[in-house]
Amino acid sequence: MVLRQVAFPSGPRGPVLSSAVALWLVAAAAASAETAPVPPAPVPAAAAPAEAPRPPEPTKPDAAKTDPAKTDQAKAEPGKSELGKSELGKSEPGRSAPAQPALALPAQDAAEPAEPPAAKRVSRELPPVVLARISQDPTPTLAPSTFLDTLRMADRYQAIVQAGGWPSVPAGLSLKAGDRHAAVPILRRHLTLTEDLGPDAPATDQMDEGLVAALKRYQVRHGLPDTGLLGPMTVKALNVPAATRQRQLAASAARLMGSRFAFGERYVVANIPSATVEAVERGAVARRYVAVVGKPDRASPAVETRITNVNFNPTWTVPVSLIKKDIIPHMRKDPGYLAKMHIRMLDGQGNEVQPTAIDWSTEKAVNYTLRQDPGFDNSLGQVRIDMPNRHAVYMHDTPSKGLFSRTARFHSSGCVRVAEVKGLVAWLLEGTPGPGGPGTVWGPIEIETGIATGERRDIKLAKPVPVTFVYLTGYATPDGRAHFRDDVYGLDTEAPAKAAPDVPTTASIGPRAPVPAAKPAPATPARVTRDGKPADAKPADVRSPSAKPPVAEAKSAPLPTAPKPDRTLRPEASPRT
């Protein structure tokens with residue numbers, strides 16, 4: 001509405017409006033406010049693709065219809081279209097609804113189907129390694145007095161043998177604390193002879209507290225879990241004859257005879273029948289580790305040497321023996337075996353050779369060097385402990401950690417695999433400057449960081465540590481206890497005498513059989529003359545009674561001496577794992 005200018009008469013006091021004119025002006029202003037022009041709808045920035053209309057929400061009524069306060073507010077504020085009826089697809093008459101962005105509805109209110117649950121994340125962390133239970137006795141297996149202590153113990157067990165030994169426990173017997181059985185007195189008799197049970201213990205047929213404690217001591221001495229329960233493994237150990245135990249002690253002492261191992265303040269002992277490794281410091285075991293040793297047909301050798309280096313992320317050179325026994329048979333079945341195991345073939349000049357260029361139906365592969373790259377699947381794992389010796393064996397990590405949970409751990413090709421080997425490495429590197437030079441140490445973090453680089457790194461020990469591999473199936477400790485382990489290599493069994501081989505073989509730790517004397521050549525019949533005299537007869541050699549006998553051409557046999565044990569259990573001198 002357009003207002004025209006109206007001239008009113010004016011006087012000295014200004015214009016005077018009548019009441020009718022004033023009412024007319026107020027009504028005109030009100031009508032103008034009600035019919036104010038609507039501003040144009042905003043133009044969207046970009047035309048969005050048409051979307052399918054969403055289905056109505058049957059479960060949620062319109063808020064504007066159910067709430068009177070909101071309805072009044074919507075009528076009073078028509079400019080706020082985002083909360084008005086236009087968002088539900090309705091528009092006022094004569095007006096075009098402006099394009100509005102779709103509102104994000106809550107998941108519980110949306111009519112769309114629920115999204116599928118997120119996939120469960122798979123952890124990249126390795127599962128914890130389960131280890132077999134081993135003794136935590138701080139007394140070391142090998143000490144400077146072990147040889148004499150074992151000899152004395154062998155004499156003591158010989159007295160038990162001469163007295164008739166001990167009776168057998170019924171096979172299949174199973175007892176726990178508090179049980180009663182007629183065979184309990186037999187068990188008491190056995191444990192009394194072995195001094196695990198005191199002679200003043202009550203003679204009852206019940207597994208009382210004292211008998212259970214004695215059985216635990218017996219189990220510890222035989223490398224069994226000290227549960228105090230009488231089960232199949234304990235019954236089997238109890239039924240080994242006393243004569244066999246005496247022979248184990250005597251044979252182990254013979255293997256220690258002639259040893260020149262340099263005991264020091266710190267040294268490492270791996271007892272093969274026990275399948276354990278001990279880090280000994282100041283006469284006590286600082287830590288005992290579960291180990292995997294050589295299988296019977298690839299026995300671990302007896303070694304006395306020193307640990308000089310530790311290798312992070314080592315490579316592995318496959319020995320000739322394993323190329324023949326393992327690699328060639330695998331390649332005949334699977335030509336891609338070397339690629340799967342990340343093993344490279346190198347010629348004499350160090351150039352890589354493709355496996356397809358080799359005739360695997362023959363043994364020509366032994367003329368090449370087969371080397372496995374570092375990595376998690378490397379046969380040596382992440383760590384190797386160098387200990388120079390003529391058998392080329394060592395201690396190392398392994399990717400096959402599941403074997404550490406077994407009771408019988410004789411699966412390697414001669415080397416010793418150590419569980420939790422990084423702890424042994426930290427103990428060996430004590431006193432060696434860390435990665436930052438003097439003043440730093442090789443702690444767990446530094447060791448993990450050095451391995452995480454993936455690069456080969458050799459660390460030389462500031463002071464070499466003596467190490468020995470021994471085969472002790474029976475041995476005694478300074479506290480007067482006898483310990484026994486199974487003879488897995490069969491070295492304690494007395495074998496019939498036979499001619500000594502040209503090279504040492506497995507189980508050739510005893511004295512070699514004497515070489516039989518040469519038999520005299522058969523005498524040929526002498527020729528005689530017609531008168532009955534020998535044709536080539538010579539005059540008799542007449543000597544005076546004081547004449548000395550002629551010196552014999554053959555030398556006399558040497559006097560028997562104590563046999564010096566052959567420290568070799570295997571003739572092979574190639575790296576093994």
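Predicted model: local features only at pLDDT ≥ 70, side-chain atom pairs only at ≥ 80, totals over all residues.
**Aromatic pairs**

I went on to the rings and found 7 aromatic pairs in the structure. Tyr 267 pairs with Phe 263, and the arrangement is edge-to-face. I noted 5.3 Å from centre to centre and 85° between the planes.

Next I checked Tyr 471 and Tyr 489. Their ring centres are 5.2 Å apart and the planes sit at 15°, so I put this pair down as stacked; the cut-off for that is under 30 degrees.

**Helices H5 and H6**

How do the axes of H5 and H6 cross? I took H5 as residues 184-193 and H6 as residues 209-221. Their axes come within 11 Å and cross at roughly 55°, which makes H5 oblique to H6. The crossing of H5 past H6 is left-handed.

Then I listed who touches whom. From H5 the contact uses Val 184, Leu 187, Arg 188, His 190 and Leu 191; from H6 it uses Leu 211, Ala 214, Leu 215 and Tyr 218. Sorted by class, I get 7 nonpolar residues, 1 polar and 1 charged in this contact.

**Positive phi**

Last, backbone angles. Most residues other than glycine have a negative phi, so I stopped at the exceptions below.

Where is Ala 275 found? I located Ala 275 in the loop between strand S1 (266-271) and strand S2 (276-281). Its phi is positive, about 55°, although Ala 275 is not a glycine. Ala 275 is buried, because its relative accessible area is 1%.

His 342 also went into the notebook, with a positive phi near 60° in a residue other than glycine. I found His 342 in the loop between helix H10 (337-340) and strand S6 (343-346). With a relative accessibility of 40%, His 342 counts as partly exposed.

Definitions and conventions
Residues numbered from 1 in each chain as written. Heavy atoms only, no water. Axes fitted to C-alpha atoms, helices over the stretch in contact; angles between N-to-C directions. Helix = DSSP H or I, 4+ residues; strand = E, 2+ residues; numbered from the N terminus. Parallel < 35°, antiparallel > 145°, perpendicular 65-115°, else oblique. Left-handed = near helix turned anticlockwise from the far one by under 90°. Contact = heavy atoms within 4.5 Å. Nonpolar A, V, L, I, M, F, W, Y, C, P; charged D, E, K, R; others polar. Phe/Tyr/Trp six-rings, centres within 6.5 Å; stacked < 30°, edge-to-face > 60°. Buried < 20%, exposed > 50% of the residue type's maximum accessible area, 1.4 Å probe, protein only.
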